[in-house]
Amino acid sequence: MTSHRRPKQPSRTRVSVLTTAAAAVALSANAAHAAPGEKLGKDEVKAKVDRLYEQAEQATEKYNGANDKQHKLQKEISTIQDSVARGRQELNRLREGLGSMASAQYRSGGLDPSVQLLLSSDPDDFLDKAATLDQLSGQQVQALKKIQDKQRELAQQRAEAAEKLTDLAATRTELGDKKKEVQGKLAEARKLLNTLTAREKAALDAEQQRASRSSAERVDIGHHAPATGRAAAAFAAAQSQLGKPYVRGGTGPSSYDCSGLTSWAYAQADVSIPRTSEAQSGIGTRLTRSQLQVGDLVFFFNDLHHVGLYAGNGQILHAPRTGTVVRYESMDTIGGPFMFGVRV
């Protein structure tokens with residue numbers, strides 16, 4: 001006979017213990033699975049941070065270009081507006097002069113010339129006045145022509161100013177976008193660096209210090225390929241800045257970005273070159289690697305967003321990126337391909 005007794009239910013205590021244990025095992029398994037994805041190694045973080053810094057430098061050069069363009073447009077607009085203001089004053093003077101001539105002609109020409117001749121007690125005096133009237137009429141025509149020319153000139157200047165103001169507004173928008181892009185890349189890099197342990201951060205700092213020290217030991221590297229003339233003066237000026245920090249938008253003398261260093265260095269040699277790496281690439285004589293001499297500008301990456309000064313023996317002197325200082329470095333370790341050099 002089959003028993004119909006209900007099986008004994010486990011106690012609440014036992015169920016609770018089993019449930020807690022199962023949850024703990026599940027959490028432990030999940031944690032073990034998630035940990036590798038959440039935590040990157042030091043070298044992986046460094047590689048990602050270096051890439052972010054490169055992107056930030058790329059955006060920085062675009063920002064510098066937009067900033068430079070903004071300043072130029074503001075100067076051009078100011079010049080045009082000054083010219084328009086002076087033109088208005090001149091136009092007002094021309095109109096006043098024309099008004100005076102018209103009033104004088106009206107006062108002297110209110111009667112028909114034949115009637116004036118009949119009424120005149122001195123025919124010779126009338127003829128003199130008639131000659132003056134003809135002269136005034138000629139001056140009037142000339143004055144009208146000057147007014148028309150000035151009006152056309154002012155209209156052209158106003159149109160030019162309006163076009164530049166539109167360009168300026170677009171440039172300011174670009175400037176803001178690039179600034180946000182740079183700040184975003186740098187914030188992302190800081191976030192990644194904050195995932196490292198104190199020991200890992202110290203190891204990365206030590207690597208940077210070693211790189212800076214080794215660059216300082218190569219101060220005389222330029223003697224392998226002597227610079228001449230203003231290139232020598234520019235290179236010497238850049239050498240004097242070894243150890244100065246890289247700062248976005250820096251143009252010296254306390255900090256630099258890549259094109260800020262090169263433009264500052266050449267300014268010390270009384271040579272004015274453009275502010276951005278892309279603009280600097282378009283001046284002077286283009287060179288291959290084998291043609292380089294100390295002091296020549298050297299450009300890297302397909303979009304030419306990095307520039308330095310050739311130091312001889314396959315080395316360059318440059319401001320690398322955020323977190324570094326002005327230093328020497330091999331052309332082969334920049335992180336992007338060498339494109340060409342330029343002799344200023």
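Author: Below are some questions on the labels, with answers; the model is predicted.

Reader: Which residues of α6 are called buried, and what makes them so?

Author: In helix α6, residues 229-239, they are Ala 231, Ala 234, Phe 235, Ala 237 and Ala 238. Buried means under 20% relative accessible area, so each of these five has a value under 20%.

Reader: How do you know which side of α6 they lie on?

Author: Their arc around the axis is only 160 degrees, so they sit on the same side of α6. An α-helix has 3.6 residues a turn, so residues three or four places apart point the same way.

Reader: What covers the buried residues of α6?

Author: The cover includes helix α7 (258-268) and the strands β3 (306-312), β4 (315-318) and β5 (327-330).

Reader: Why is β3 called largely enclosed?

Author: Seven of its seven residues are buried, so the rest of the structure largely encloses β3.

Reader: What makes β2 and β3 a pair?

Author: Pairing needs at least two bridges. Strand β2 (residues 297-300) has four to β3, so the two pair. They run antiparallel. Phe 300 has His 306 of β3 as its bridge partner. Their hairpin has five residues between the strands, and Phe 301 there has a positive phi near 75 degrees.

Reader: How do you know that β3 pairs with β4?

Author: Three bridges join them, against a requirement of at least two, so they pair. These strands also run antiparallel. Tyr 310 is bridged to Ile 316 of β4. This hairpin has two residues between the strands, and Asn 313 takes a positive phi near 55 degrees.

Note on methods:
Residues are numbered from 1 along each chain as its sequence is written. This is a predicted model: local features need pLDDT of at least 70, side-chain atom pairs count only at pLDDT 80 or more; totals for chains, interfaces and linings use all residues. Side-chain values use heavy atoms; hydrogens and water are left out. Buried means under 20% relative accessible area, exposed over 50%, partly exposed in between (1.4 Å probe, protein chains only). The arc is that of the directions from the helix axis to the C-beta atoms. Contact means heavy atoms within 4.5 Å.
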